[in-house]
Amino acid sequence: MIKEWTKEEILEVYNTPLLELISKATEVHQRHHKVGEVQVSSLLSIKTGGCPEDCAYCPQAARYHTEVKVHKLMDVEEVNACADNAKAGGASRMCLGAAWREVRDNRDFEKVLDMVKTINSKGLEVCATLGMVTEDQAKRLAEAGLYAYNHNLDTSEENYNNIITTRNYDDRLTTLKNVRKAGLTVCSGGIIGMGESINDRVGMLYTLSLLRPQPESVPINALVAVEGTPLEEQPPVPIWDMVRMIATARIVLPKTAVRLSAGRLSMSIEGQALCFLAGANSIFAGDKLLTTPNPEFNQDMEMFKLLGLSPKKAFADKLKEELV
Ligand code: SAM
Ligand code: DTB
Ligand code: SF4
């Protein structure tokens, strides 16, 4: 039975003295995961910029004046080459991101389905983050071989409207339901460092903890404050907040892959090591996230060596289920 958490209990976990919190999270991590195994995902922006939404953190929103250049949907051949590189680099998952509000049933969607088929045939887990999807669209993605769908709650329900006004929290939850109904695995998390309160961080984890099944993957992003966005002046998020957030996610979502996502370029190896100790077991690798920089691949592999981490194989969870 999965524990039903209250917001008060999650807040208590979040506020636990730091070393005690890390130690509790490590214990949960050891019980449910292979320590030292980290899932490595590669990210590719298949359609960049020009997005009609107003997400205050996002450099790809058309209404903000950022340095991001608009790029139409990539060709399948180009994506194919990127997938080969990602695989050669040791990634087990490839995540395709599009600056769309929602998926439309048009030629671009057919192209994305082709991309999914191509990448899946290489033995990589394919994830996509394309905005809102209907149940029918999610089913078509699943039939094409999609493994996971990323759709972040980003923050608490109470804080949502301060960050995004062009859609609401329920729209996000409906997409997550559609994704589940299609039999896809769910990847959903959020961002810290946007000026939210601790209660907002806890509120987001609370909503994620209520989902049944709980999401297989939860990305925790530290805001990358991009010039031209309304959040450009936000101070960098302290590493201690990141460690607390990851440890709390690990305790509240014991079986989930917790992803130490955006913001790693500003974190030291020591800081990241604490995040892994607190239960992070997934990262995005490659020198670019969607539009902002990320540590160089070789640098990350050196960090893996130093910390004794090893990349997780593709479909390892599926194989485990089949063995039971
Ligand atoms: N357009 C789709 C959507 O919003 O669902 C998919 C792509 S969108 C860029 C995916 C996620 O990236 C967002 O939900 C947000 O959590 C994260 N993100 C975007 N800009 C970010 C930033 N500057 N710092 C940290 N995370 C960011
Ligand atoms: C997620 O939670 N983080 C990734 C992925 N899902 C798609 C995106 C981070 C984007 C950071 C800003 C950028 O590079 O544009
Ligand atoms: Fe568009 Fe997604 Fe960026 Fe929001 S986060 S502006 S929906 S690309």
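Begin by selecting Pro213, which lies in the loop between α8 (198-210) and β7 (217-222); helices here are DSSP runs of H or I with at least four residues, strands are runs of E with at least two, and both are numbered from the N terminus. The peptide bond that leads from Arg212 to Pro213 is cis, with omega near -10°.

This is a predicted model, in which local features need pLDDT of at least 70 and side-chain atom pairs count only at pLDDT 80 or more, while totals for chains, interfaces and linings use all residues. Residues are numbered from 1 along each chain as its sequence is written, chains are lettered from A and ligands numbered from 1 in the order in which they are written, and side-chain values use heavy atoms, with hydrogens and water left out.

Next, select Asp154, in the loop between β4 and α6 (157-163). The phi angle of Asp154 is near 70°, a positive value in a residue other than glycine. Asp154 is buried, with a relative accessible area of 3%, where buried means under 20%, exposed means over 50% and partly exposed is in between, for a 1.4 Å probe and protein chains only.

Move on to Ile163, which has its place in helix α6 and is buried at a relative accessible area of 6%.

The aromatic rings come next. A pair of aromatic rings is described by the distance of the centres and the angle of the planes. Rings of Phe, Tyr and Trp (its six-membered ring) pair if their centres lie within 6.5 Å, and planes under 30 degrees apart count as stacked, over 60 as edge-to-face and the rest as tilted. How many aromatic pairs does a search of the whole structure find? The search finds two. Select Tyr147 and Phe315, whose ring centres are 5.4 Å apart and whose planes stand at 85°, so this pair is edge-to-face. The pair links distant parts of the chain, 168 residues apart, with Tyr147 in the loop between α5 (135-144) and β4 (148-150) and Phe315 in the loop between β10 (310-311) and α12 (316-323). Tyr147 counts as buried, at 14% relative accessibility. Then select Tyr160 and Tyr169, an edge-to-face pair with 5.2 Å from centre to centre and 70° between the planes; Tyr160 is buried at a relative accessible area of 2%, and Tyr169 is buried at 4%.

Two rings with a charge over them follow, where NZ of Lys or CZ of Arg must be within 6 Å of the ring centre and within 35 degrees of the ring normal. The charged end of Lys3 sits over the ring of Trp5, 4.7 Å from its centre, and Arg259 lies over the face of Phe284, 4.8 Å from the ring centre.

For the last stops, select Glu135 in helix α5, which is partly exposed, with a relative accessible area of 26%. The C-alpha atoms of Glu135 and Lys177 are separated by 8.1 Å, although the two lie 42 residues apart along the chain. Finish at Asn106, in the loop between β2 (93-98) and α4 (107-120), where the relative accessible area of 34% makes Asn106 partly exposed. The C-alpha atoms of Asn106 and Glu8, 98 residues apart along the chain, are separated by 45 Å.
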